Amino acid sequence: MKLSKSFWQTYKEVPSDAEVPSHQLLLRAGFINKTTGGIYTYLPMAVRVLEKIKNIIREEHEKIGAQEVLMSFVTPGDLWKKSGRWETMGPEMVRINDRKNNDFCLSATNEETITDVIGSAITSYKQLPANLFQINTKFRDEIRPRFGLLRCREFIMKDAYTFHLDKKCMDDMYQNYFKTYSNIFKRMGLEFISVEADGGAMADAGSQTHEFQVIADNGEDDIAEVKSLDYAANIETAETYRGDLEFSVSTELKEIETTNLATCEDVANFLNIPVYQTLKTLVYTATYAKKDGSTKEANYILMILGDDQLNEVKLNNYFSGAVDIQPTIEEVLKELSLPKGYMSPIDREISVIVDSAIDLDAGYVVGANKEHFHISGFTISRDVKNFKQVNLRLTQASDFGPDKKTPIVIRRGIEVGHIFQLGSKYTKSMDASVLDQNGKKVNPLMGCYGIGVSRTMAAAIEQFHDEDGMVWPPQLAPFEVYFAVLGKKDETKKLANDIYADLKEAGIDILLDDRGASAGAMFKDSDLLGLPLRVLLGERDYDQTEELEIKERKSGSIHKVKRDELPLKIHELLLQLGSDI
């Protein structure tokens with residue numbers, strides 16, 4: 001492509017709300033244009049990157065027999081009502097009505113649509129497994145869109161869905177997709193980690209689910225990793241361990257005056273003990289649905305070490321049978337005689353859940369259920385009648401991995417892919433069934449596999465950039481070579497066009513800067529755009545040496561090359577750059 005005939009504009013300034021590098025650079029380099037909050041127009045340079053991402057995705061999906069479909073962006077509300085998600089999806093789903101007042105929505109995801117397709121098209125186990133994917137627009141009305149394409153409202157997503165007769169088939173396909181996703185992100189040249197994740201409301205309890213995280217300093221997710229153990233997990237679900245802590249021995253209960261000392265830190269400082277020798281007491285109320293449609297509530301005391309934090313994801317997973325789980329309101333705490341900052345299970349008839357890091361036989365300092373007083377010597381195994389011990393704590397940077405002796409490393413990541421096993425969650429609710437080998441009607445098991453296409457482009461920039469601009473890997477760059485021409489002679493312009501034509505014929509994806517801009521302007525735009533290689537045809541230098549200059553964007557290395565050697569050298573460098581990532 002020749003820049004003189006292209007639609008491309010760069011900018012020196014970016015809006016103040018562009019906080020992260022990818023957002024700033026996508027705007028400055030003329031890749032996107034903001035339409036409104038969280039909604040962007042993809043300009044030609046961005047489209048070229050997006051198409052490269054899509055092509056890699058398509059090629060890898062074809063290898064595992066996935067067939068491409070294209071589902072409607074606007075879907076009827078009846079499908080969502082059938083699955084039960086019309087109400088539960090919440091305000092992120094945009095609901096609309098047509099002129100006949102029929103309910104529709106902008107697709108936030110497509111489990112309902114694809115299940116409806118399968119339910120109407122497949123009747124026998126002989127037609128399974130089914131393996132379909134699409135690359136399409138999605139819309140989620142984020143309450144606070146930010147970080148450009150990393151958290152926007154309208155985005156491009158690849159979503160795949162598989163249907164199976166039995167769990168073994170579903171497990172086998174899950175492994176196929178795991179390998180496929182790994183291949184996809186490797187081919188893109190991205191540094192990524194596959195991590196154990198939480199399926200949330202999407203997946204059945206206990207189902208397999210993994211996230212694929214691109215490593216980046218500005219990542220939203222914390223990842224606990226132990227490379228030597230081949231272990232990585234989102235911090236929300238990580239099973240990590242505290243080191244050998246010296247807990248106090250169990251003693252008789254002793255009341256201690258702790259006026260205006262309502263936190264574990266304050267009490268530990270006052271008593272000159274480690275904070276982990278105190279216990280943090282939290283009270284939560286779980287709401288359960290009854291068969292008659294009403295609800296009932298139950299209160300629970302949660303106990304974690306004084307310097308630990310509660311992991312809300314683990315808590316919600318433990319109470320997966322509840323409609324809701326929330327901190328108990330102050331009025332109920334007063335009814336239970338549990339003063340905030342000074343409470344504990346002592347002499348209280350209430351179910352207790354104890355974190356797995358707590359030594360049940362050690363002595364701790366806890367609230368005395370009396371304002372401005374605590375009690376020492378508290379021992380779970382002795383002083384609590386009704387308790388269960390489960391993992392409730394949030395992983396800390398000082399934790400150890402599954403072997404309980406190798407330190408973890410906390411890394412920052414951007415989620416670009418997520419694979420789930422959905423089981424029969426949707427096929428049951430939407431009455432999609434097939435006849436098995438015995439003629440019995442069964443609901444197929446389902447898998448779901450998503451990649452944020454536009455998000456992957458932004459994540460790649462977060463991983464590959466410097467102070468001058470983007471630094472694209474060859475696999476994703478909008479072009480492979482930025483061809484800069486310095487000189488005003490007609491012979492130089494003709495030579496540039498001839499070289500440009502030769503490189504295109506050699507299969508090199510090249511961008512010719514023939515705008516006649518100054519060297520400084522061209523070099524700034526070249527660095528901002530971040531193509532892997534910059535080829536420079538300098539009029540004076542070429543007249544003297546008949547050499548062109550190749551500069552590697554990532555390393556800054558410079559190579560002097562004769563014209564007839566140029567195509568081979570470019571191919572060699574691109575191959576090397578691609579394999580180095």
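1. Which residues lie nearest the centre of the second largest pocket? In this predicted model, K280, T281, L282, G341 and M343 hold that position, among 24 residues that line the second largest pocket. The elements that contribute two or more residues to this lining are α7 (264-271), β14 (279-289), α9 (330-335) and β18 (364-370).

2. The space in the second largest pocket comes to about 390 Å³, and β14 gives the most to its lining, with 6 residues. Sorted by class, the lining of this pocket has 13 nonpolar, 7 polar and 4 charged residues.

3. At least two residues of the lining come from each of α14 (519-529), β29 (533-538) and β30.

4. Strand β30 (residues 547-552) runs antiparallel to β31, and the two are joined by 5 bridges. In the hairpin of β30 and β31, 5 residues stand between the strands, and G556 takes a positive phi near 80°.

5. In a regular strand, side chains alternate between the two faces of the sheet. For strand β31 (residues 558-562), H559 and V561 make up the covered face, whereas I558, K560 and K562 make up the uncovered one.

Key
Residues are numbered from 1 along each chain as its sequence is written. This is a predicted model: local features need pLDDT of at least 70, side-chain atom pairs count only at pLDDT 80 or more; totals for chains, interfaces and linings use all residues. Side-chain values use heavy atoms; hydrogens and water are left out. On a 1 Å grid over the protein atoms alone, a cavity is a set of points where a 1.4 Å probe fits but cannot get out, and a pocket is an open set with protein on both sides within 12 Å along at least five of seven lines; lining residues have an atom within 4 Å of a point. Grid points are joined across faces, edges and corners, and a volume is the space filled by probe spheres set on the points. Helices (H or I, at least four residues) and strands (E, at least two) are DSSP runs, numbered from the N terminus. Ala, Val, Leu, Ile, Met, Phe, Trp, Tyr, Cys and Pro count as nonpolar, Asp, Glu, Lys and Arg as charged, and the others, Gly among them, as polar. Buried means under 20% relative accessible area, exposed over 50%, partly exposed in between (1.4 Å probe, protein chains only). Two strands pair if DSSP finds at least two bridges between them.
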